[in-house]
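Visitor: I would like to learn how to read a structure like this one. Please show it to me.

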Amino acid sequence: MSSVYQINKGINQSIEFKGLKAQYVWYLGGGVVGLMIVFAVLFIVGIPSLVCVALIGTAGTVMVIKIYKMSRQYGEFGMMKALAARQIPKCIKVRSRAVFIK
């Protein structure tokens, strides 16, 4: 008897979760963990729980909107390319001919 194996066609594909691509899934996860820590700190300090929930809810909504916007705008590798392009100098100025004379 021969065995039937399923073929995994998602090999070497970047992860995607509800429209978020690649590293943006990790950014969202890190942001949620960060917001939970901020909520705990605010609650321990003594700020009323409804104020804490309102602040964290607002910050969470803004964070999710920004991360989805970056995911749509840059895609999987676009943000890394944009950050790398910003580090390339616009022009190179040589004020001496000593570089060319050797």
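Visitor: How many aromatic pairs does the count come to by the rule?

Guide: First, the rule. Rings of Phe, Tyr and Trp (its six-membered ring) pair if their centres lie within 6.5 Å; planes under 30 degrees apart are stacked, over 60 edge-to-face, and the rest tilted. Here the count comes to two aromatic pairs. One is Tyr24 with Tyr27, edge-to-face, at 5.8 Å centre to centre and 85 degrees between the planes. Both lie in helix α1, three residues apart, about one turn of the helix. Helices are DSSP runs (H or I, at least four residues), numbered from the N terminus. Phe39 and Phe43 also pair, stacked, at 6.2 Å and 15 degrees.

Visitor: Is Tyr24 buried or exposed?

Guide: Buried means under 20% relative accessible area, exposed over 50%, partly exposed in between (1.4 Å probe, protein chains only). Tyr24 has 0%, so it counts as buried. Tyr27 is partly exposed, at 38%.

Visitor: Which residues make up the largest nonpolar core?

Guide: In soluble globular proteins, nonpolar side chains tend to be buried together. A nonpolar core is a set of buried Ala, Val, Leu, Ile, Met, Phe, Trp, Tyr and Cys residues joined through side-chain atoms within 4.5 Å. The largest here has nine residues: Leu20, Tyr24, Val25, Leu28, Leu35, Ile56, Met63, Ile67 and Met79. Helix α1 gives the most to this core, with four residues.

Visitor: What should I keep in mind about the model?

Guide: This is a predicted model: local features need pLDDT of at least 70, side-chain atom pairs count only at pLDDT 80 or more, and totals for chains, interfaces and linings use all residues. Residues are numbered from 1 along each chain as its sequence is written, and side-chain values use heavy atoms, leaving out hydrogens and water.

How values were computed:
Helix = DSSP H or I, 4+ residues; strand = E, 2+ residues; numbered from the N terminus.
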